[in-house]
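Please brief me on a sheet and on a pair of domains in the model shown here.

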Amino acid sequence: MTILKATHLTKKFGKFTALDGVNMEVNEGEVYGFIGPNGAGKSTTIRILLGMLKATQGEAKIFGKDVWSDAVDIHKRIAYVPGDVNLWPTLSGGEVIDLFMKMNGSTNYRKREELIERFNFDPTKKSRTYSKGNRQKVALIAAFASDADLFILDEPTSGLDPLMEHIFQECVLEAKRAGKSVLLSSHILSEVEKLCDRVGIIRQGKMIETGTLDELRHLTRTNLTIETKEPIPSLKERKGIHNIEKNDSALTFQVDTEEMDAVIRYISEFGILKLESAPPKLEDLFMRHYQGAEHSKSRVEGSL
Amino acid sequence: MGTQYFKGTKTLTRFIFRQQRFKILVWLISLTVITLSVAAAYPSIYKDEQSRQAASFTMDNPAMIAMLGPGYEIDEYVNSVGAMFANEMLLFTAIAVGIMSILLVGRTTRADEEDGRIEMIRALSVGRLSYASAAMIVIVSTNILLAVLIGVGLASLGIEGIGVEGSFLYGAILGATGLVFAALTAIFAQASETSRGTTMFSFMALIIAYLIRAIGDVSSEALSWLSPLGWTVRTGVFAGNDWWPVIVSFVFALVVGFVAFYLQSIRDLGSGFIAARKGRKNASAFLQTSLGLTFRLQRTNIIAWAIGLFLLSSSFGAILGDLEAYFADIEFMEAFIEAESDYSLTEQFLTLLMAIMSLISLIPAVMVILKLKGEETKNLTENFYSRAVSRTRVLGSHFFLAVVVSFIMQSLVALGLWSVSGSVMDEPLSFVTTFSSAYVYLPAIWVVVALTILLVGAVPKLTGVVWLYVVYCFVVVYLGDLLDFPVWMNNLSVFSYIPQIPIDDMNVMTMGVLTLIAIGLSVIGFTGYNKRDIAG
Ligand SMILES: Nc1ncnc2c1ncn2[C@@H]1O[C@H](COP(=O)(O)OP(=O)(O)OP(=O)(O)O)[C@@H](O)[C@H]1O
Ligand SMILES: [Mg+2]
């Protein structure tokens, strides 16, 4: 079942177009990764989904209700964690957690205590004195202590140490096991790889790719290292081959997944002595998308 | 050691000046323009000796002394229109300069530190005290510039009775008073960990200095010497021209400034000398309500204003006794002030007092609404609107709190005047008169509160405009008659429509219309707030 559906969201700030026809769909029980370079429009999209910004065009629905006009209703079943948590300096962390939970309409004190324990958090200090990571914990504890059906997390782990990051990941997986949905925007690709079922990539206000991780992997290149008996002529003219490097007798290059079959057939004619293949790294996939088409082309031309 | 402490001061001075230039410019221009235009108006108001003589009688009474300072001998007033001008304008202009210094220093010291800007700069190759020195250079230059502008300006008006030496003394004492409060603010910036605390302590110091001087000027001169504002009004500008208060203020500012620098050099970045307390583990049931949170976030501010207003109105209450005795002594005074025999002179004085005090009560009420805009700028409203809290509810809590605050402040004003004056007067003010003369201003206060709602809701970029309007209302009340403003200019201030009880009769119609206007403005504000983007 679709929990969140955004169709053709466009947002203009004056003349500047921050979002340009963004579509997005998050299903029940799914963790959806939302990634893209700085300034791509992730936070803007999320703010529209939260009813804080009004989309210039397009519409978005959560639980089948309009995100702008039914914001308050929707928010009763949502938990949000921003990447930069701002707290009232004169209130203590414990007070803020209670406030947040109350505003969400849930009061699960047992869960609250358990999470404070797990995140190793001191709720008695004034918010002014909390470090970046500790402010982040306030929002995370309030979010996971509520029984929301959809978690919207915008770079929720910025500032957390690796131990806390690990606990965060456990919390997301627990939520998923309980059948909740999660929209996770993050720059930490390993986190996305570990947690997300599907991923959407946004660049310059446009969604440029959506799909499961496997589907996306399919779109990328495999690294091959080969040695052949006879030298291979005109390898670089062939379709789907990139970044050729030559060390001693070995050749290293990348192959587009869809050209793999043709390339292997071609090189086998020259008598293969050694063949090593490395799976596509997610990192490479993202780099390619982040940098954009023009950029990667110039990189190919620059090689060899 | 030079480099360790002061490297980069020059660049930072330019940097701070660039950041603050707009504010500095607005302050300098408004202070100079108001001073010069009032001064230019004086010769036509007090044309001949007779009118000066008449006015000097009205000056020489305890209420005026408490409000404006000890004043001059009668023959000095008669001889020089400058003395009259200085007596009416110097103290309040000095207070305005003090406010300018407090805001500028608060901004460039603790606020910059609290927001992390100084941390970024400290990480560069600059000295420990460079930022503080640069801030001080900027504020000292601003005050000197102000002194010169006003000195030269007044002198060049060429008004008889406003001499060259007096003009420069007038400018110099304003600048020196500004420096005193700049230095005090610098100390509070060391003591408090927050910029709010810093400005709050500084304004408290300003109010206390005013009150000590008021009580001292009326009853004991020695007491006035404890207050920097007591020095300010002892310059005898345009008559005796005493320069020692300028020197005393300057030396005081220097010493306090040095202490501030010393404290700055020994403390950690981001810390203050008054340590923060430990907080509670859970939120109380009251805090968990929307109104409770709104109140809690502004509690200190509201309480501080409540205490300040109560003290101010009780001090005026204390003076009313002296005033009554004074009026009783000089029967022929009655001839000067419109002798509506139904009302005593103290009652007539009460109406002026109420107009001014209501404008002061207005400030905390407007601040309650503006806080919401401040929270949005600090990305704090995101905490509400990403949860199940509606915009109407949040804005509504602020509106409700502002109305309650306006009611509380007016009640305290009336209570202070009524209770204290009751114990010192022979014919005390009646409870009903005092309270109704205060409450009658509520609709005007609500109109300005509603205007603030409209700005925050519909045109958030222009919220600052409301302060211009408040200042405008002040100017109309304080100088409207004196400068003989045309009727339409007076009518732009909502406060002009309020009947002055007990002299005027209660006008239910006006009250009703103003309340309706307030409701109309807030409806526009609420609608706009529900439609616009929330920045954070
Ligand atoms: N209120 C605003 N007015 C004008 N431009 C804005 C506003 N808010 C965001 N933008 C612009 O919209 C673009 C998208 O910003 P957004 O914050 O959504 O990026 P992001 O993908 O979250 O980036 P990051 O990874 O750095 O968090 C940016 O170019 C930003 O400058
Ligand atoms: Mg962002």
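**Sheet and domain interface**

In β14(A), Leu275(A) is the bridge partner of Ile226(A). This is a predicted model, in which local features need pLDDT of at least 70 and side-chain atom pairs count only at pLDDT 80 or more, while totals for chains, interfaces and linings use all residues. Residues are numbered from 1 along each chain as its sequence is written, chains are lettered from A in the order in which they are written, and side-chain values use heavy atoms, without hydrogens and water.

**Sheet in chain A**

- Strand β11 (residues 221–228) of chain A runs antiparallel to β14(A), to which 6 bridges join it; strands are DSSP runs of E with at least two residues, and helices are runs of H or I with at least four, numbered from the N terminus.
- An open, antiparallel sheet is formed by 4 strands of chain A in the order β12-β13-β11-β14, where pairing requires at least two DSSP bridges between two strands.
- Because β12 (241–247) and β14 (272–278) of chain A each have a single partner strand, they stand at the edges, with one side of each left without a neighbour in the sheet.

**Domains of chain B**

- An automatic or database domain assignment divides chain B into domain 1 (26–268) and domain 2 (296–536).
- In chain B, 25 residues of domain 1 are in contact with 22 residues of domain 2, contact meaning heavy atoms within 4.5 Å.
- Across the interface of these domains of chain B the rule finds 0 salt bridges, defined as a side-chain nitrogen of Lys or Arg within 4 Å of a carboxyl oxygen of Asp or Glu.
- On the side of domain 1 of chain B that touches domain 2 of chain B, the largest share, 6 residues, comes from α2(B).
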